[in-house]
Amino acid sequence: MDQTGPPKRSRMRQFFRLSLRFWRGETRLRAWGLTVIVLAFVAAQLATAVAVNTWNRLFFDALEKRDIGAVWGIVAWLPVLVAASALSLSALVITRMLLQTRWREYLTRRLAGWWIADQRYYRLGFIAREQTAPEYRIADDVRLAIEPLVEFAIGLISAIVTAATFAAILWHVAGSARFTLAGTEIVVPSYMALAAILYAAVASTAAYVAGRPLVARIAAKNEMEARFRAEMTRLRENAESIALIRGDTDERASVGEGYGRVVAAWLRVIRQQGVVALVLNTNGALFPVVPLLLIAPKYLSGEVTLGAVMQVIAAFSAVQAALIWFVDNVVRLAEWFASVSRVDELAEELEALDIGVIMEGETRIAFGESEDGAIHIENLSLAHSNGRAVITDASVTIRVGEKVLIVGESGTGKSTLIRALAGLWPWGSGSIRVPRGKTIAFVPQKPYLPIGTLRVVLLYPQADMPVPDEAIMTAMKRCGLAYLARRLDEADKWDRTLSGGERQRVAFVRLLLQRPDIIIMDEATSALDEDSQNSLLGLLDAELAHATVVSVGHRTGLEDFHDRKITLEKRLAGAHMSSRRLGKSLWRLFRSRRADNEDEAV
C-alpha cells in the first residue's frame, strides 16, 4: 500500500504565487512603473558609490604627493558627490516605500476580500485550527511579509551589481599576487577579488548553519504571541460572564500559562540568536582587517600608491558587504519567513474552506430559487465539518406569509438549520430553494451593532436608506425604544451601551423600517421578559403580516405567534423533522384585532 501522503506545501512558493499577481492584472502598470523607478534609483545610487570610490583614490594620491592644488581641486567635487548620493538615496527610499505600500495594499485587499466574501469569515471558524486569528495575519503578517521583501529584493539586486562592479575595480587596481613556494614563483591573478569571494563564502555558510534553526523558532514564537493575544481578546469579550462567576483566579492562571509559553518560545529564539550573534560579531571584527593585511605587502613594496590602497580597501569592503548580504540579513530573513508562513497558512485554510469538508459522496447543499414564493427544503441532510450528521432527510415547504416555529432539544440542529437557510452552512446534501427577488432578513440572538450614530445602527445594513425621522421614531416607540429617540444622531459605542434586550429591540426596529419579505430568527427574543416578547412578536401580525417568518425558539408562549411548529427530534443518525399546524390562540386574535382598530383610528 502506498503510504506517501500529499506533497508538503511550499509556503514560500505559494506565497509568491499569491503575491506576485500584483505585477499582473489591473495593477500591473502601477507595479511595473514603481519597479522600474526603484531600479533606476538603485543604479543611480551604485553610480554615486563608484564615483565616491574613485574620488577616494584621487584624494589620497594627491595627499601622498602633497599636491595642495590637486587636493583642493578634488575636494571641490565633494559637494556634488554628496548631493548626488543624498538625492539618489532619498529618492530610492521614497519609491521603495511607495512600492511597499502599494504591494501591501494589493495583497491586503485580496486576502481581506477573500476572507470576507461569501461569509468565509464566519465559516472559517468551523474548519480552522484553534485561534487562527485571520485579522492579525491580514493586518500584521501581510505587512511583515511584504515590507522586508521589497528591502530584501533591492538589497540583493544592489549586492549582486555592487559585487560585480567593485570586483572589477579590485581586479584592475590590486592586480595579481606573486610569491615563491619551494623555489617556484606562483602568480594568483586578481587575488583580492578571489579573497573577497572566498571570505564571503565562508562567512555566509557559517551564518546559514547558525541561522537555519532560527526560522522554525521565530515561527513558533509568533504563533505563541498570536495565541496569547487571542486569549486576552477572549477574556475581554467575555469579561461580564467571567466577572459574574468570579472566574478571576482561573483566568489569571490561564493567562499566566499562555504567557509562559510565549516566554519559553522567546528563550529558544534568544539562545539561537546568541549563536547567530557570535558569527556576526566575529565577521564584524575581521571585516576591516582582512583587506589591510592582503594589500599591505604590495604597498610596502611600492607596487601600489596610498590612494590605490584606500580604493582597494573601500572596494573590498563593498564586495564583502555585497557578498555577505545573507549574513547581515539572516535574522530578518528568519522573521520574514515566519510571517510568510502565517500568511500562507491563512490562504491554505481559505482554500480548504472553498474545497469544503463535506459529506460522503462529495455532495453539497444545492441552493436555488423558487417560482411560487415559498421556501422549499427538500431531502436536506446537514452535517458538521467532520462529517457527523446533524439533521437527516428533512423536507418541508413554508408558504408565503406563513409563520413557522422550529423547536427541539439542545443539539438537534435548530441553529444549524437557520445557518443553512442563510447559506452559511455548506456541509450537507439536498436542496434549499428560496423565493426569487425577495428580501430576506436574519435576526440572530445577539444582533450586530455597527460603529456610528444610533440612526446608522437602526438602519443597518441599509444605512443610506432614506427614512423620515418620524418613521424611525414611530418604529422605536412600537419596539419600546422611544426613550432613545433624542439620541438618534448621537454616536456612541452602542454595542457596549445597549443591553441584550435593547439589542433585540433594535433588531425589531430594523424589521419595521426595512419590511423584508422573509424573516429568519434565531432565539430573537431570548433576552426579553415575557411581556416584551409578546409585544414584539405581536408586530409580526400587526405590521409584518405579509412576511414569511421562520423562527427558532424554546420559550413558552411562542406558539401563540406562529401558524405551524416544526419539531426536531434527536436520533443517532441525525435529527428527524416533523411538522404540525397551530391554531390561532385567543391572545393572537385579540392582538390582530387590536392592531386593525389602531390602523383604522389612524
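In the predicted model, six strands form an open sheet of mixed pairing, ordered 8-11-12-6-13-14. Its edges are taken by strand 8 (440-443) and strand 14 (576-581); each has a single partner strand, so one side of each is left without a neighbour in the sheet. On average, and with direction ignored, neighbouring strands of this sheet are turned by 15° against each other. Within the order, strand 6 (residues 403-408) lies beside strand 13 (residues 564-569), and the two pair in the parallel sense over 5 bridges. One of the residues in this pairing is Val404, whose bridge partner in strand 13 is Arg564.

A further open sheet, also of mixed pairing, is built from 4 strands in the order 3-7-4-5. Strand 3 (366-370) and strand 5 (389-398) are its edge strands, each pairing on one side only. Strand 4 (residues 375-383) and strand 7 (residues 428-435) run antiparallel and are joined by 5 bridges. Ile377 has Ile432 of strand 7 as its bridge partner. Strand 4 also contains Asn379, which has a positive phi of about 50° although it is not a glycine. Helix 13 (residues 414-421) lies across strand 3, strand 4, strand 5 and strand 7, and runs at about 125° to strand 4.

Helix 4 (residues 78-116) comprises 39 residues. From its first C-alpha to its last, helix 4 reaches 56 Å, close to the 57 Å expected at 1.5 Å a residue. Asp118, which follows helix 4, has a positive phi, near 55°. Helix 4 also packs with helix 1 (residues 11-19), at an angle of about 100° and with the axes 10 Å apart. Helix 1 is therefore roughly perpendicular to helix 4, as angles of 65 to 115 degrees are counted in this way. On the side of helix 1, the contact involves Phe15, Leu18 and Ser19. These residues meet Trp103, Tyr106, Leu107, Arg110 and Leu111 in helix 4. By class, the contact of helix 1 with helix 4 has 6 nonpolar, 1 polar and 1 charged residues.

The crossing of the two helices is right-handed. Helix 15 contributes Ala471, Ile472, Ala475, Met476 and Arg478 to the contact, and these meet Val509, Leu512 and Leu513 in helix 17. The residues of this contact divide into 7 nonpolar, no polar and 1 charged.

Helix 14 (454-459) and helix 15 are separated by a loop in which Pro461 is placed. The peptide bond joining Tyr460 and Pro461 is cis, with omega about 5°.

Key. Residues are numbered from 1 along each chain as its sequence is written. This is a predicted model: local features need pLDDT of at least 70, side-chain atom pairs count only at pLDDT 80 or more; totals for chains, interfaces and linings use all residues. Side-chain values use heavy atoms; hydrogens and water are left out. A crossing is left-handed if the near helix is turned anticlockwise from the far one by less than a right angle, and right-handed if clockwise. Contact means heavy atoms within 4.5 Å. Ala, Val, Leu, Ile, Met, Phe, Trp, Tyr, Cys and Pro count as nonpolar, Asp, Glu, Lys and Arg as charged, and the others, Gly among them, as polar. Two strands pair if DSSP finds at least two bridges between them. Axes are lines fitted to C-alpha atoms, for helices over the stretch in contact, and angles run from 0 to 180 degrees between N-to-C directions. The expected span of a helix is 1.5 Å times one less than its number of residues. Angles under 35 degrees count as roughly parallel, over 145 as roughly antiparallel, 65 to 115 as roughly perpendicular and the rest as oblique.
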